[in-house]
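Colleague: I would like to learn how to read helix packing, nonpolar cores and backbone angles in a model. Please take me through them in turn.

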Amino acid sequence: MASHQIRHVAVHLLTPLLMCLGMGLAYLGAFHQPEPNHLAVAVVGDSPQVKVLAQTMKDKGGNALDVITVPTRDDAVSQLRDRDLAGAYVPDPQKPELLVAKAGSDTTAMAVEAVFGQVAAKQNAPMTVTDVTSPASGDPTAQGIFFLLVALSIGSYGSVAAIGAAGAGLPMWTRGLLGLITSLLVSLIGLALSGPVFHVVDHDAGAVWAMSWLYSAGIMAIGIGLHTFLKRWTTLAMMVLFVMLNFTSSGGVYSPWLQNDFFGTLHDFWNGAGFVEGARSLMYFDGAGFGGRITSLILWFAAGVTLMAIAGLAEKRQRAAELGPRHAAAVETHEEAEEEMEETVGV
């Protein structure tokens, strides 16, 4: 009897241990050593001296820096607002200027400042840093959108466990409807916290709320669909998809310009990056790149709906093929539900 209980405990401990391993690999792998990786910067001007400076930086920087020249300061500002550049340096013997877009990524702006600070130091001239964006009043570092992402994600994948366990006997369409309603509630909570409570979103609140609902609904749909096949392992799968790989590739802490190629590639299409960068583009960059980001959120939601449809068909076939006593199946389902409700949700 004791050995059976020990094995039972050991099986249940496997999930948190795998979470520990996965979180360590993801977070440390993404954040432990931020350094420039093809950091896109520019030197303003078309003189021979400017071209020599740009080429020298490119040669010394290697893969860390992608250095170009742009003819005028206005061109540099335009490319910063189009999110094509991380920074632009305007040489001047007396007052050199560095242009950055902190609303796109405060940590990237700091990295650019460190790079060109060395250039200005060699000229013995104080460098002026100019931010071409205006972060919200309650979000001076423009990282509040990332923490909104965290809240939306936890509310979404945590609700999947509740719907999957407590609603296991409901038809798939009913669980899907519950997921849609729950995602609406999650998005409204996010809207209240990010708007009137903390002023992270001080304009375009309606559009950011709609993105929040779409993002949450996509997670809910995928989770409800996965539960049919993974049962009590759904929470672990959701954490891998929407915490370990999601938060680390979202660009909320470090942009791809400061991460390795793996997380940089995920940033191109993962749903967390779609929400964070889509909201930033909408709020601070006049919608530059917004279309691609909203498309990624729609595709994630569509994938979830498709998965739910497949899961619904699988459940119908399973019910038709059941041969065991209905009471035994009900008892087993009840025990599995209790085990799932005991799982810990964490980030």
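**Reading the packing**

Modeller: Helix α7 (residues 205-230) and helix α12 (residues 290-321) cross in a left-handed way; left-handed means that the near helix is turned anticlockwise from the far one by less than a right angle, and right-handed that it is turned clockwise. Helices here are DSSP runs of H or I, at least four residues, numbered from the N terminus. This is a predicted model, in which local features need pLDDT of at least 70 and side-chain atom pairs count only at pLDDT 80 or more, while totals for chains, interfaces and linings use all residues. Residues are numbered from 1 along each chain as its sequence is written, and side-chain values use heavy atoms, leaving out hydrogens and water.

Colleague: At what angle do α7 and α12 pack, and how far apart are their axes?

Modeller: Two packed helices are described by the angle between their axes and the distance between the axes. For α7 and α12 the angle is about 25° and the axes are 8 Å apart, with axes fitted to C-alpha atoms over the stretch in contact and angles running from 0 to 180 degrees between N-to-C directions. That angle makes α7 roughly parallel to α12 (under 35 degrees; over 145 is roughly antiparallel, 65 to 115 roughly perpendicular, the rest oblique).

Colleague: How do α6 and α7 cross?

Modeller: Helix α6 (residues 172-197) crosses α7 at roughly 145°, their axes coming within 8 Å. This crossing is right-handed. Residues in contact (heavy atoms within 4.5 Å) include Leu180 and Leu184 of α6 and Trp209 and Trp213 of α7.

Colleague: Which residues touch the most other members of the largest nonpolar core?

Modeller: In soluble globular proteins, nonpolar side chains tend to be buried together. A nonpolar core is a set of buried Ala, Val, Leu, Ile, Met, Phe, Trp, Tyr and Cys residues joined through side-chain atoms within 4.5 Å. The largest here has 69 residues, and Leu99, Ile145 and Phe275 touch the most other members. Helix α7 supplies its largest share, ten residues.

Colleague: What is the phi of histidine 199, and is that residue exposed, partly exposed or buried?

Modeller: Most residues other than glycine have a negative phi. Histidine 199 has a positive phi of about 60° and sits in the loop between α6 and α7. Its relative accessibility is 41%, so histidine 199 counts as partly exposed (buried is under 20% relative accessible area, exposed over 50%, partly exposed in between, with a 1.4 Å probe and protein chains only).

Definitions and conventions. Helices (H or I, at least four residues) and strands (E, at least two) are DSSP runs, numbered from the N terminus.
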